[in-house]
Amino acid sequence: MGYYTYWNGTINLKDEKAIKLVRYLLKEEIAPFEEVSEVMVESDGEIDVSGEGKYYDGEIEKICYFIKLLDKDAEGEISCEGEDSFDIWKIVLNEKGVKILQGEVVYHKTGEDYKDKKTEGQFKRILNDKKLNKKLILNELKN
């Protein structure tokens, strides 16, 4: 059973043999690239990962690990967002390997106070509109 996910990021390959092999595997949709042709595009050693679709457990992570095994100098980052708003993570390829970073949304308590002069003006006009207030009172009497 799949899970709807959005992906966005880039992986940069350094090794020419790895670039050619990944290019071929993507084009021919050979494992582990058989299900990702609509979200992964390779050009000049840069793999652009962008799109959305059904995600199967560890699918993109396994591909990133495969790429890292092919090219130890590959690096990049893919941001992922699942269908649940709290389900966000990143896949990072760096000199140490492939890391999965779980994300979270943090709201800071020291936010900016929101005020809008136009809305305040509308509020005062409605509150002080005698005709509108009269209609409201008559409407309440009918009910």
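Tutor: Two strands pair if DSSP finds at least two bridges between them, and helices (H or I, at least four residues) and strands (E, at least two) are DSSP runs numbered from the N terminus. This is a predicted model, in which local features need pLDDT of at least 70 and side-chain atom pairs count only at pLDDT 80 or more, while totals for chains, interfaces and linings use all residues. Residues are numbered from 1 along each chain as its sequence is written, and side-chain values use heavy atoms, with hydrogens and water left out.

Student: Which pattern does the protein chain follow when read along the sequence?

Tutor: The protein chain holds 4 helices and 6 strands. Read along the sequence, these elements of the protein chain follow the pattern β-α-β-β-α-β-β-β-α-α.

Student: How many residues join strand 4 to strand 5 in their hairpin?

Tutor: Strand 4 covers residues 75–82 and strand 5 covers residues 88–94, and the two pair in the antiparallel sense over 6 bridges. Within this pairing, Glu81 has Ile88 of strand 5 as its bridge partner. The hairpin that joins strand 4 to strand 5 runs through 5 residues.

Student: Which residue in strand 6 is the bridge partner of Val92?

Tutor: Strand 5 continues into a hairpin with strand 6, with 2 residues between them. Strand 6 spans residues 97–102, and its antiparallel pairing with strand 5 extends over 6 bridges. Across that pairing, the residue of strand 6 that partners Val92 is Lys99.

Student: How far apart in space are Lys68 and Val98, C-alpha to C-alpha?

Tutor: Lys68 belongs to helix 2, residues 59–70, and counts as buried, with a relative accessibility of 10%. In sequence, Lys68 and Val98 are 30 residues apart. In space, their C-alpha to C-alpha distance is 7.3 Å.

Student: Is Leu136 buried, partly exposed or exposed?

Tutor: Leu136 is found in helix 4, which covers residues 130–142. Its relative accessibility is 47%, so Leu136 counts as partly exposed.

Student: What radius of gyration does the protein chain have?

Tutor: Buried residues make up 30% of the 143 residues in the protein chain, and the C-alpha trace spans about 80 × 35 × 25 Å along its principal axes. The radius of gyration is taken over C-alpha atoms, and the globule rule is 2.2 Å times the number of residues to the power 0.38. A compact globule of 143 residues would have a value near 15 Å, but the protein chain has 26 Å.

Notes: Buried means under 20% relative accessible area, exposed over 50%, partly exposed in between (1.4 Å probe, protein chains only).
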